[in-house]
Number of protein chains: 4
Amino acid sequence: MVDAPRIGALPSGSRDSIGDVEGVTVGHATLADGPIQTGVTVIRPHGADAYRHSVPAAAVVINGFGKTLGLLQLNELGTLESPIALTNTFSVGTIYTAMIKHALRDNPAIGRMAPTLNPIVAECNDGWLNDLHAFAIREEHYGQALRSANADFDQGSVGAGRGMSCFGLKGGIGSASRVVGSESARFVVAALVLANFGRLPQLTIRGIPLGRRLAEIANEAPRVREQGSIIVVVATNAPLDHRQLRRVAMRASAGIARTGSNFGHGSGDIVIAFATNGVDAASTGSGRPPADVPDAALDPLFDAAAESTEQSIVNALFAADTVRGYADHVRRAIRECLPDWRSLFDEKADAT
Amino acid sequence: MVDAPRIGALPSGSRDSIGDVEGVTVGHATLADGPIQTGVTVIRPHGADAYRHSVPAAAVVINGFGKTLGLLQLNELGTLESPIALTNTFSVGTIYTAMIKHALRDNPAIGRMAPTLNPIVAECNDGWLNDLHAFAIREEHYGQALRSANADFDQGSVGAGRGMSCFGLKGGIGSASRVVGSESARFVVAALVLANFGRLPQLTIRGIPLGRRLAEIANEAPRVREQGSIIVVVATNAPLDHRQLRRVAMRASAGIARTGSNFGHGSGDIVIAFATNGVDAASTGSGRPPADVPDAALDPLFDAAAESTEQSIVNALFAADTVRGYADHVRRAIRECLPDWRSLFDEKADAT
Amino acid sequence: MVDAPRIGALPSGSRDSIGDVEGVTVGHATLADGPIQTGVTVIRPHGADAYRHSVPAAAVVINGFGKTLGLLQLNELGTLESPIALTNTFSVGTIYTAMIKHALRDNPAIGRMAPTLNPIVAECNDGWLNDLHAFAIREEHYGQALRSANADFDQGSVGAGRGMSCFGLKGGIGSASRVVGSESARFVVAALVLANFGRLPQLTIRGIPLGRRLAEIANEAPRVREQGSIIVVVATNAPLDHRQLRRVAMRASAGIARTGSNFGHGSGDIVIAFATNGVDAASTGSGRPPADVPDAALDPLFDAAAESTEQSIVNALFAADTVRGYADHVRRAIRECLPDWRSLFDEKADAT
Amino acid sequence: MVDAPRIGALPSGSRDSIGDVEGVTVGHATLADGPIQTGVTVIRPHGADAYRHSVPAAAVVINGFGKTLGLLQLNELGTLESPIALTNTFSVGTIYTAMIKHALRDNPAIGRMAPTLNPIVAECNDGWLNDLHAFAIREEHYGQALRSANADFDQGSVGAGRGMSCFGLKGGIGSASRVVGSESARFVVAALVLANFGRLPQLTIRGIPLGRRLAEIANEAPRVREQGSIIVVVATNAPLDHRQLRRVAMRASAGIARTGSNFGHGSGDIVIAFATNGVDAASTGSGRPPADVPDAALDPLFDAAAESTEQSIVNALFAADTVRGYADHVRRAIRECLPDWRSLFDEKADAT
C-alpha cells in the first residue's frame, strides 16, 4: 500500500488497489533511458481470455480532449472484451496492433468467422518528460506488460505512468480500493488512474490547498498550454450492468474534482468501468451480470467510486519518484517537495 | 452579498450573484403558510422577449433522476428561448402551461404561424417541508415571479427554494459570480442553484468536513431514501456557443462535488448554461454569438463555473432561514447550527 | 387491422398493432368539436400499476425539436414507471399534472416516503387543425383515455391523433406489429406512432414516391415552416434491457426514413421503447429482464422495429378520416385522395 | 460520374462526388494481389495543413460496432484537424501512427509545445476478400494515398474499398453530391461512403427491392454473422458549426435506411460531417464558421445529406468491379449480376 494521505471514510481492501477486485491484475512495461521515459500498463479484467469472456462495461467522457480507442463499441455493446491498455499518446496505434495480434494467437477466427476484437487503448501525453517523437514503444511492450500482470503491482513512475506529470509534479499510476456493503453483500469498488493532469496551484489533498504552498517549492516548468489528461479505470465485483456501470463511472469525476481539477480544456478526462462478477453471463453476449443490484442500492458504490478515484490520484502522486527525462526536463516527486506532509494532515485531522 | 465562507481565489462581481451578468434578472414567488412551503423562481436571460430573442445555451445531465422539461430542444437547437423556471416536482406541469400562456400574450402566432415555445422548467422535490400533494403552486405564481425579476434578488428560503433541503439542513436558492480575463476581455461567469441535495455527513465547505461535526447538532430527520436534486443555472457574458456552453456546464459538476456530493442515485443533478452576449446573433436562429472565444482560452471560464457553482451552494446554505412546514418537519439553517462558523474558516486559512 | 398497403416481409401479429404485445393496451380521449380537434392517447405497458411495477425502457431522440417530458429519468434508470401519454404540445403540462394526481390515488407515499413519479408525456403540434390556444385538454381527459385502454383500439383521427397532419394529409395514430423468432423463442415487436410529420412531396410508400403524385390532388395548405413531429412507441415481449432497447429504438428511424422523411428541422422525432417481459425483474429497481437475449440475436428484432414503425405510419395515414377544424382548415384522408391505391401497389408487386 | 441509378430529385454538382465541395480531395492506396485485397482512402478537407487550419466538424454514431478512432475529441472541440483516413479494421493502428508521423514533419512542435494531433481513422472489416491477418497495410500507404488526393478520384473497388462487400455484392468507395439553395446562397452537400454493410435480401434501390431478385443470382457466401459497417463522410461548403453539422450527419442515416439496411447489430454505422467554409475561423480554435445559416434554413441541407449518402452507396455498388481474393472468396459487381438494370428503373419511372 502506498504511504500517502488517507482519503475519505470508507475502508479499503487489503491491497488498497484495483487488485482487491478478485481476478483483476495489472502489469507494466517501463522504458526509462535518458530522453525515453514512457511505458505501457495493462489492466486485465480477469484471468481468462477477455475476447471469449467479455465483462459488462461502460465509459464516460468527462472531457474529450483525448485519443482513447474503443469506447464506441464498448458503450454500444456494454462489454469489455480485451484488457485495457494505457500508454502515451503517440503509441495508441502500436498498442492497438499489438493487442489484435496477441488476441489472434488464441482466437484465429477473429475477423474471419468471428467478429473483430475491440481493443481498449487509453492514453495521456508524456511529452514533457519523454521524447514522444522517438516512438519508443514497440508492439512487444504490450506482451511484456501483459505477462507481468499481477494482483500486486507497482505504482507511481512505472508503466504508462513513467513519463506522466500531475499538478506540475511527478504523476503516473495510482490505485486504491474501497469496500462497501453488509456481511451478506460485500462489494469492492476500486480504481486505477493514469494521472497526468492538473495545474499546481489547484492541487488540493483532503481539502488542503497544497498547490499554492507547493507552487513556490516545486520546479514547475512553464508550458504553452496544459496538455494533461487523466484516465480512470474503475472495477467492481458488484454484479452491475452497462447502464449502472455508466452511472458508477460518472462518479469518478467527483473524485477528480476534489483534487482540485476543473477538467481543463486540454485534458482528456475519461472513465472506464467494468464489473468482474458478470463474466459468465456477459460472455453469452448480452453483457448482463448474473445477479441484480437495484439502482436504489447504488449510493455506497457511487461513494466508493469517487473515493477510490481520489485516493488513486493521491497514491499516484505519493508513489511517484522524481524523474528526469527528455531535454533534461524534471518532474519532482511530491514526497521530496513536501517531506513534512504527515504533520500537515495531522493538524488538519485535529482541527476538525 | 451573502455572509458566508468564501470559496476559491477568483474575484466575484459586485453582487456576487447571477445578477452580475448584465441583463440577467431573477424573481421569486414564495408560498409560506403552515404546511405549504414552496414557490417559483424565474431566471430571465435578458430584458427582452426570450422567444423572439433567444440566446445560446446548453444543458448537461450529471444524474438524470429528475423531471426537468425542455432540455431536448435546448440541446438540439442550442438556444434558450424562454426564462428558466424553477419549482417543486409536482408543479412542473402547471408552470409549463403558465409559461406558454404568458408567451402567447406577446406572441399570438406561437403554435400557429410560428413555432411553439420551448419552456424550461426545472424542479426539485420539496416534499419534506412542503405538502406536495396540495398542489399549491398555481399558474399565476409564474407571472408573480416574473414580474418581481431584478438583478438584485433574495437568496435562501425563497421562491422555489422555500421548501428545499440541502445536506439535511435548510437549502434553497443561492447564487454567486466570478470575474475572469484581462482588462480588454473581462468576462463574468455566474451561477444560481436550487440546492436540495446531499446527505449531512458528506457536507464539506472549503475542504472542511463540516457534515460530520454537524451530524450531531442538526435535526436531521431520517428519510427512506435521498430524493434531493440540484439545479444549476450558469450564465455568462462571454460570447460562447452551444458546444462551448456544454463544456462550461460540465464544470459545474466539480463545484457540486467539492461540497461533498457524489451525485446520489436519487438526485437530479442538472446544469443549464447560457450566454447573454449572443442575444442578437442567436435570435437569427443559429444560436451563434457575435464574437469568438477560442476553446484554448476557456480554462478561466471553466474555473469560474466550478467556483461560482460551489459558492452558490454555500450561499444557499448560509442565506437560508430555518423553516418549519408540512407535518411539523423542520430544516434548520446552518447559521443556527454553527454560529461560530467564522472562526472555523479563519483557523483553516491560518493553517495553510 | 387497418386496410392499408402492406410493408415488408415479416408476419404481423393477429391485431397488427401494439396490442399484440401481451399486456399492452391503448386508450383514447378524443375532442372533436368545430375548432377543437385534439385529444389524448395513453399506452399502458401492462395491466398493473406501472409505478410499482416498472419495465425496462429506453428513449432515443432522432431530432430534438420537441417538448417530450420524462426522458431524462427514463434513460438514467432504464425504466418506464408510468403509462406513456401522447397529446398536443400545449397540453403537456396538464397531462403531467393529471398523471401525478392519478398515481397518487394508488400510491399516496409518492413524493413523501417514496420517490416521485416520472410521467412520460410526448407531444406533437396539432395547431393547424386544432385551436391550440383554447387549451381544450383538461386533466380529466387523461383518466378518460386511461379507462378506455384496451388491446383493441381505434387508429387514425382519434385521441392525440385527432388534429395531427402527416405529409400534408390527415395523420394521427397508427400501430402495427411484427413477429420474429423460432417456435421456441417467438417475440413480438410492435409500434404505435403519433404521426404529424413530413412534407407531401416526400411521401413514399413501399418505395413508390406517392407524394409527388398527390401533391396535385391534396389540399395542402402552405405553412410558414414545418412544425410536425413523430412520436414512436415500440413495445416488445422480448426480455431486453435498457441498452438493448436503446438499440431497438434507434431502428425506428429507418422506418420513418422509408416513408420519405429526412427528420426535418422542426420535427421532434422521438422513440420510446419498452419491454414487457421484464415486469417482475424491473420492479425490483434495476430494470433488468428475467432472461437474456444476446446482442448477436438482435437483428430480427431490429428489422421488426423498423418495419412495424413504417407500417404504423402507413396505417396512421390509411386509418385517418378527413378532418375539418380550426379556421376551417382541412386535412384530407389519403384514402379519399387516392381511392385507387390498391392498384398502384399491385402493379408494383407485379413489377418486382 | 458513376453510371448508376439516379437517387432523388436534387441536382448534383458537376462531378457528383465529394470533390464538388471546393477544396476537398480524395486519394487512394490500393493493394490488390491474390489474398491481399485492401487499401487506404484519405479525404482531405482542404489543400492546407489541417492541423494548423482545422474545420468545423461533428460525428454521429448510429451503431457503435466499430473501432473508428478520433471521434471523442472531434465532438468535444467540434473540429477536424487531420485528413480522414479509411482502411481495414486491423490497420487502424498503423494508419494512426502514419498520420502522426506525417503531421510531425510539418509541425515539429506537436506533442511538445503544441497539442497532440487527433487523427481520424475509420474502418470496415474486409476480412471476407482480404487476408486481414497478413496486416498488409503499412505506414507508407497513408502517404501514398495522401499524395494521390484529387478532386477527381476513382470509386468502387479502390483504396479502402478494395476488399469491402455491400449487400452480399462487391461494395467499396462511393461518392455523390447535391446542390441546394438559391442563386445568392448556393451550397453543396456531398458524401463519400466506405460501403461494407447490408444483407442481400434487404437491398433496395429507388424503392425497388432488388435484393430479393438478386439473392438467386449473386454468389452470396454464407457468413457466420454480418460484420459489415458503413462509414459516411459528409462535406459541405455551407458555413455550419459543430452543432449544425451533427444535425446534418444524423440525416445520413435516412440515406442508409433507404438502401434497405436497419443498421445491423454487427455494423459500425458512423457519420462524420465537416464544413470547409469555416477554415479560417475554425483555425482560431473555436470551430465557428465565418457566416451564419439559421437552423430553420437547414432542411434543404438535410435533404441533400440524405440523398447524397444514398446516392453514394448506390454509386459504390455500381462503380465496383468483381473481386476475387482471400481463400478464393468472390464478391460480384452488381453490374454483372444485373446487366439489365437500366430497364428496371425506367419501368419504375414510368409507373409513377
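Quick housekeeping. This is a predicted model, so local features need pLDDT of at least 70 and side-chain atom pairs count only at pLDDT 80 or more, while totals for chains, interfaces and linings use all residues. Residues are numbered from 1 along each chain as its sequence is written, chains are lettered from A and ligands numbered from 1 in the order in which they are written, and side-chain values use heavy atoms, with hydrogens and water left out.

Now chain A on chain D: a turn of 180°, a shift of 0.0 Å along the axis, and an RMSD of 0.0 Å. The two copies are thus related as by a two-fold rotation axis. Which residue of chain A comes closest to that axis? That's A:Gly93, at 1.7 Å for the C-alpha. Here 100% of the interface residues of chain A are interface residues in chain D too, so again the copies meet through the same surface.

A:Gly93 is one of the buried residues of helix H2 of chain A, so let's stay there. Helices are DSSP runs of H or I with at least four residues, strands are runs of E with at least two, and both are numbered from the N terminus. Buried means under 20% relative accessible area, exposed is over 50%, and partly exposed is in between, with a 1.4 Å probe and protein chains only. In H2(A), 11 of the 15 residues are buried, so the helix is largely enclosed by the rest of the structure. What do they pack against? In chain A, strands S2, S5 and S6 plus helix H3, together with helix H2 of chain D.

Last topic, salt bridges: a side-chain nitrogen of Lys or Arg within 4 Å of a carboxyl oxygen of Asp or Glu. One is between A:Asp328 and A:Arg324, at 3.9 Å, N to O. A:Asp328 is exposed at 56%, and A:Arg324 is exposed at 52%.

Then there's D:Glu307 with D:Arg178, closest N and O atoms 3.0 Å apart. This pair links helix H7 to strand S9 of chain D, 129 residues apart. Buried or exposed, D:Arg178? Buried, at 0%, and D:Glu307 is buried as well, at 12%.

B:Arg342 and B:Asp3 come out at 2.0 Å, N to O. B:Arg342 sits in helix H9 and B:Asp3 in the segment before strand S1, so the pair ties together parts 339 residues apart in sequence. B:Arg342 is partly exposed at 41%, and B:Asp3 is partly exposed at 45%.

And one to look at between chains: A:Glu76, C:Arg243, C:Arg247 and C:Asp295 are linked in a network of salt bridges.

Notes:
Least-squares fit on C-alpha atoms with pLDDT ≥ 70 in both. Contact = heavy atoms within 4.5 Å.
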